[in-house]
Amino acid sequence: TGIGAWTDGEIMRAVREGVNKDGNALFGLMPYTYYASLSEEDIRSVVSYLRTLAPMNNKVKERVLPTPLNLIVKLMPKPLAGDVAHPDENDSVALGKYLATVGNCLNCHTPVDEKHRLIPERAFAGGNEFSHKVFGTIFSANITPHETGMGNRTRAQFIALFKAFASPEAHTMKIEPTANTLMPWLSFAKMSDKDLGAIYDYLKTVPPIENVVQKRPTPTVPVAPTATVPDAGTDAQ
């Protein structure tokens with residue numbers, strides 16, 4: 001009922017090109033346009049990991065889309081032009097751009113127009129609105145180097161902000177729904193200091209954009225005595 005009968009190539013094509021085993025286009029909620037940047041090395045590693053998961057019997061319902069969305073979806077997938085090279089691990093900015101791309105940072109941290117299309121000239125400026133009946137309305141943070149964004153935050157503070165969520169306590173702490181954010185802190189906390197630092201180095205190269213975003217306080221995380229937690233201010237997303 002899953003990908004048990006899929007070849008490695010079919011999985012790789014689905015993740016990076018948006019086409020399933022049967023040649024049908026995947027819905028855009030699967031961010032394959034960003035995963036298209038995954039290098040050969042990394043996409044093969046993803047497939048290798050998926051092969052280690054325990055098989056689960058779960059027949060997923062067939063997709064039902066209204067017209068004309070069912071037609072538009074078919075036009076979205078694009079084949080890769082060729083193999084995708086891995087970024088130079090010694091080029092921190094190039095590595096950071098790669099990680100920010102496959103990590104889908106742009107999609108959440110860029111405001112959209114009335115048709116929900118990203119506004120390129122406002123890339124990473126935050127203010128993208130997310131609403132939910134439980135956690136209310138929140139806005140993604142401005143992560144450009146402008147003073148209304150990352151401002152004077154140092155590289156070490158940026159890394160520590162994520163690493164604060166690497167402690168075992170962070171996985172069991174209770175956060176009230178109204179204080180929650182959409183930022184996947186627990187997942188990104190597993191990244192290495194090198195990779196997090198590379199993302200910081202890349203974000204420092206993007207155009208600074210003034211945009212004051214309404215924020216929620218960063219959750220207070222209980223951490224191990226050896227951990228260093230930066231002064232997070234009012235960063236929320």
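The model is predicted, so local features are given only at pLDDT of at least 70 and side-chain atom pairs only at pLDDT 80 or more, while totals for chains, interfaces and linings use all residues. Residues are numbered from 1 along each chain as its sequence is written, and side-chain values use heavy atoms, without hydrogens and water.

View 1. Helices (H or I, at least four residues) and strands (E, at least two) are DSSP runs, numbered from the N terminus. An α-helix has 3.6 residues a turn, so residues three or four places apart point the same way.

**View 2. The salt bridge of R16 and E40.** A salt bridge is a side-chain nitrogen of Lys or Arg within 4 Å of a carboxyl oxygen of Asp or Glu, and the count by this rule is 6. For R16 and E40 the N to O distance is 2.8 Å. R16 belongs to helix 1 and E40 to helix 3, 24 residues apart, and the pair links distant parts of the chain. Both residues are buried.

View 3. K194 lies in helix 9 (residues 193-203) and E89 in the loop between helix 4 (69-72) and helix 5 (92-102), so the pair ties together parts 105 residues apart in sequence. K194 is partly exposed, at 42% relative accessibility, and E89 is also partly exposed, with a relative accessible area of 34%.

**View 4. Helix 9 and its surroundings.** Helix 9 is largely enclosed by the rest of the structure because 8 of its 11 residues are buried. Among them are L196, I199, Y200 and L203. The buried residues of helix 9 pack against helix 5, helix 7 (155-163) and helix 8 (185-188). D201, in helix 9, is one of the buried residues. A polar contact of 3.0 Å joins the side chains of D201 and R155. Such a contact is a pair of N or O atoms within 3.5 Å; within protein, one must be able to donate a hydrogen and the other to accept it, and residues adjacent in sequence count only if both atoms are side-chain atoms. Leaving aside neighbours within four places in sequence, D201 is in contact with S92, V93 and R155.

**View 5. The hairpin of strand 1 and strand 2.** The two strands have 3 residues between them and pair in the antiparallel sense over 4 bridges; pairing requires that DSSP finds at least two bridges between two strands. H132 has G136 in strand 2 as its bridge partner. V134 lies in the loop between strand 1 (129-132) and strand 2 (136-139) and is partly exposed, at 43% relative accessibility. Not counting residues up to four places away in sequence, V134 touches P177 and T178. V134 and P177 are 43 residues apart in sequence, with 6.3 Å from C-alpha to C-alpha.

**View 6. H116 and F124 in the loop between helix 6 and strand 1.** Neither residue is a glycine, yet H116 has a positive phi of about 65° and F124 one of about 70°. H116 is exposed, with a relative accessible area of 68%, whereas F124 is buried, at 6%.

**View 7. Residues 224-229 and 231-237, with pLDDT under 50.** pLDDT is the predictor's confidence in each residue, from 0 to 100. The chain has a mean pLDDT of 90, and 91% of its residues reach 70 or more. Beyond four places in sequence, the model has 5 contacts for residues 224-229 and 27 contacts for residues 231-237. Where pLDDT is low, the predicted coordinates should not be read in detail.

How values were computed: Buried means under 20% relative accessible area, exposed over 50%, partly exposed in between (1.4 Å probe, protein chains only). Contact means heavy atoms within 4.5 Å.
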